[in-house]
Amino acid sequence: MGIVARPKAKIDQTCALVSQIAYSLGPQARMPTFASLCAQARVSKATMDAALGELEAQGILSRRQGAGIYVSPNLKRGIALVCDPQFSIDPRLQGFWELIVREARLRVAGSQYDLAFHFSTLDADPDAEVPPLHPGLIEDIRAGRVQGVLTVGLPEEAVDWIGAQGAAVVAFAGLGPVSVNLDCTEVVEMGVGALAARGCRRVALWREPGRDDQEFESAETNAFQSALAAHGLEFVEEWLRPASREGSERSAYQQALEWVAEVFGRPREAWPDALLLTNDGLTRDVMPALQRFDILPSRDIVVASHANSDSPVLRAYEDDLILIEYDSGDIVQTMFDRLEALLRGETVEHPHITIRPKAPRTGQGARAAN
């Protein structure tokens, strides 16, 4: 009679359960007995023996004759940083993704974590049975080889699926049971305050174009109007950009040129005396567009912009800007702190947290502007 193969799916499920126990106990800990593991997993001795063999091969467990089953002393937790590919494709977001990757690598160097980087798939179907993740990562999460996941810009359905598999998950730039996001209204409030302190009286708000998030846009606009009122400044709706939610086929720089022409192609007395930009990628396009129309930040206008600390995106212009910066290190550290708490089995007291920007920083040219 031939050998009957045990179902691979059953072994994978058993591996996932046993590895979760191992990771919860930590390196060198003694595992439950073989019989206890069989009872917990509700599998036969043969299936458990096959699962333990796979986990030994992966360096997660070791079986000691007559002594029992132990967690490997060199055990490392598998975690993944999974990002929406737009953060790599969109020029406005590339610099930020590079900062996040750099900070994440710094935090796992010499640690108990093995960190893998992934992009989600381009086509996200909210009705699909599997999330927009690559098959290898899906298999690793299901098998328990990845115990924690940090997501960047993933849809809520994908974040929920990861959590449903038993992995700890923290979402950034998106929704989830535990999330970290940026307090973008603070950029607006700090920006208006910094511009008002410089004596600016006519402030225009230009926001990230093409963002399909009406609630986010409304929050920024409301914060802008409130900040203007707090400083005794007038809100001029015709300076607001984008002026509508209609999409554009133009490049980002062409869009910036069009906005500059629309707002500054009038008599000088109708110009704003300050621009507040809520996206550093947008600022990178607006600055040369202003120069093309012979409008200089050091002479004609004061510009305040969102920025990410240590990002090269605005390096060529930062001396002429008031920068309201987010610290990418703070973002990643907050994500790791919350992920580690979940991996320890703790309940996160405040599951949704926002990161505030640092106090505005003024460049040499911006300080000299009239």
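In helix α7, which spans residues 156-164, the buried residues are Ala158, Val159, Trp161 and Ile162, where buried means under 20% relative accessible area, exposed means over 50% and partly exposed lies in between, with a 1.4 Å probe and protein chains only. Seen down the axis of α7, these buried residues fall within an arc of 160 degrees, so they line one face of the helix; the arc is that of the directions from the helix axis to the C-beta atoms. Among the elements that cover the buried residues of α7 are α6 (135-142), β5 (148-152) and β6 (168-172), and contact here means heavy atoms within 4.5 Å. Helices (H or I, at least four residues) and strands (E, at least two) are DSSP runs, numbered from the N terminus. After α7 comes glycine 166, whose phi is positive, near 95 degrees.

The model is a predicted one, in which local features need pLDDT of at least 70 and side-chain atom pairs count only at pLDDT 80 or more, while totals for chains, interfaces and linings use all residues. Residues are numbered from 1 along each chain as its sequence is written, and side-chain values use heavy atoms, with hydrogens and water left out.

On the α10 side, the contact is made by Ala252, Tyr253, Ala256, Leu257, Trp259, Val260 and Phe264, and on the α11 side by Leu282, Asp285, Val286, Pro288, Ala289, Leu290 and Arg292.

Helix α11 also holds threonine 283, which counts as buried because its relative accessibility is 0%. Leaving aside residues up to four places away in sequence, threonine 283 touches Leu277, Ser305, Leu314 and Leu321. Threonine 278 lies in the loop between β9 (274-277) and α11, and at 12% relative accessibility threonine 278 also counts as buried. With the residues up to four places away in sequence not counted, threonine 278 touches Val188, Leu205, Trp206, Arg207, Glu208, Glu220 and His306.

Serine 62 is found in strand β1 (residues 61-64) and is partly exposed, with a relative accessible area of 23%. Not counting residues up to four places away in sequence, serine 62 touches Glu56, Gly68, Ile69 and Tyr70. From serine 62 to glutamine 254 the separation is 192 residues in sequence and 61 Å in space, C-alpha to C-alpha.

Glutamine 28, placed in the loop between α1 (8-25) and α2 (34-41), has a phi near 70 degrees, a positive value in a residue other than glycine, and at 56% relative accessibility glutamine 28 counts as exposed. Aspartate 294, in the loop between α11 and β10 (302-308), likewise has a positive phi, of about 60 degrees, although it is not a glycine.
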